[in-house]
Amino acid sequence: MNDGEIRCIGEVLRVNRTLAYLNIGFNKIGDEGVKYMFTAFETNQSLRKLNLISNSKHGGAEYIGKALRANKVLMELYISHLNTSGDAIKPICEALKANKTLVALSVVISDLGDISAELISEMLKINRSLTKLNMLGYTMTGKNAMTIYETLKANNVHIECMFGYAAEAMIIAGFYELFKTNGDALKLKCRLVSVDSLEFIQKTIKNLEMTKNERPLKLLDLSGGGIKNEGGKIIGEIVMANKTLEILEL
């Protein structure tokens, strides 16, 4: 499905009053398609969930932000290949300061640098509706992750999960602590996990189990991390020692 075909769907969404979930992931939607889709969302009053993952690399943060300001019904939005840098993500963050209906947002952006991390952090200080936030940045560093983590720690809203492609071991442990005190069942997710990171995770899990925390680890997702040899051995030791883990994704 290309941009021209998406334009037709956008026209339908302007007047449709029954469609609640639209999945158009894994297509060839680019800049123009994103523009058509989110312009339609400014008036659509039925769709609750939109999945746009794995389309062509695109911009469109301006149109997404404008739609999130106007739309009062969309609850879940999943986007990938959002091409941003610097403060290009600002329209989305500004819109989410006022949006009170979106509860789940998953965005893969090309450059989650210092400016983007600050914008996300400032948004989280104000937004009180998001309960699930995945902000994957291919250039996300431990410093960027810590900026966001410090805000989440002070925010009373439970964020189900968050991970970056280059989060450092200490940051991973920090998110683990956050989930322990802020969620019903602990979920730990991260990508590109090094042996050092795995050893830190192993130590953290062991320490938390010794404290008999009330929210034990239920899910451990290390998929896409390219784990090999020694890393696999450490994961095996974690699983053997853990008594609560229900889901393991590698």
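Patches are made of residues with over 30% relative accessible area and no salt bridge, where like charges are joined within 9 Å and nonpolar side chains (Val, Leu, Ile, Met, Phe, Trp, Tyr) within 5 Å. The salt bridge named there is a side-chain nitrogen of Lys or Arg within 4 Å of a carboxyl oxygen of Asp or Glu, and accessible areas come from the Shrake-Rupley method with a 1.4 Å probe, only the protein chains shown counting as cover for residues. The model is a predicted one, in which local features need pLDDT of at least 70 and side-chain atom pairs count only at pLDDT 80 or more, while totals for chains, interfaces and linings use all residues. Residues are numbered from 1 along each chain as its sequence is written, and side-chain values use heavy atoms, with hydrogens and water left out.

With these terms in place, a nonpolar patch on the surface can be described: Val239, Leu248 and Leu250 form it, and together they have about 250 Å² of accessible area. Leu248 belongs to strand E8, residues 247-249, where helices (H or I, at least four residues) and strands (E, at least two) are DSSP runs numbered from the N terminus. At 36% relative accessibility, Leu248 counts as partly exposed, because that class lies between buried, under 20% relative accessible area, and exposed, over 50% (1.4 Å probe, protein chains only).

Turning to the protein as a whole, nine helices and eight strands are present, and 49% of the 250 residues count as buried. The protein exposes about 11,900 Å², of which carbon and sulfur atoms supply 53%. Among contacts (heavy atoms within 4.5 Å) with a separation of 6 or more, 85% come from residues 24 or more positions apart.

Side chains of opposite charge can pair when their charged atoms come close. In helix H1 (residues 3-15), Arg14 and Glu11 lie three residues apart, about one turn of the helix, and their side chains meet in a salt bridge at 3.7 Å, N to O. Arg14 is partly exposed at 31% relative accessibility, and Glu11 is likewise partly exposed at 44%.

Another of the salt bridges joins the side chains of Lys97 and Glu94 at 3.1 Å, N to O. Because Lys97 and Glu94 are three residues apart in helix H4 (residues 90-98), about one helical turn separates them. Lys97 counts as partly exposed at 27% relative accessibility, and Glu94 is partly exposed at 27% as well. In helix H5 (residues 114-126), Glu122 and Lys125 are also three residues apart, about one turn of the helix, and the closest N and O atoms of their salt bridge are 2.9 Å apart. Here Glu122 has a relative accessible area of 35% and is partly exposed, as is Lys125 at 46%.

Helix H5 also holds Leu119, which is buried, with a relative accessible area of 16%. Leaving aside neighbours within four places in sequence, Leu119 is in contact with Asp87, Ile89, Lys90 and Cys93. Leu119 and Pro91 are 28 residues apart in sequence, yet their C-alpha atoms are 9.8 Å apart in space.

The side chain of Asn44 reaches the backbone nitrogen of Leu47 at 2.9 Å, and, not counting residues up to four places away in sequence, Asn44 touches Leu13, Asn16, Asn71 and Val73. Lys228, by comparison, sits in the loop between strand E7 (217-221) and helix H9 (230-241), and Lys228 is exposed, with a relative accessible area of 64%. The ring centres of Phe38 and Phe41 lie 5.8 Å apart and their planes meet at 35 degrees, so the pair is tilted; rings of Phe, Tyr and Trp (its six-membered ring) pair if their centres lie within 6.5 Å, with planes under 30 degrees apart counted as stacked, over 60 as edge-to-face and the rest as tilted. Phe38 and Phe41 are both buried.

Notes. Polar contact = N/O pair within 3.5 Å; in protein donor to acceptor, adjacent residues only side chain to side chain.
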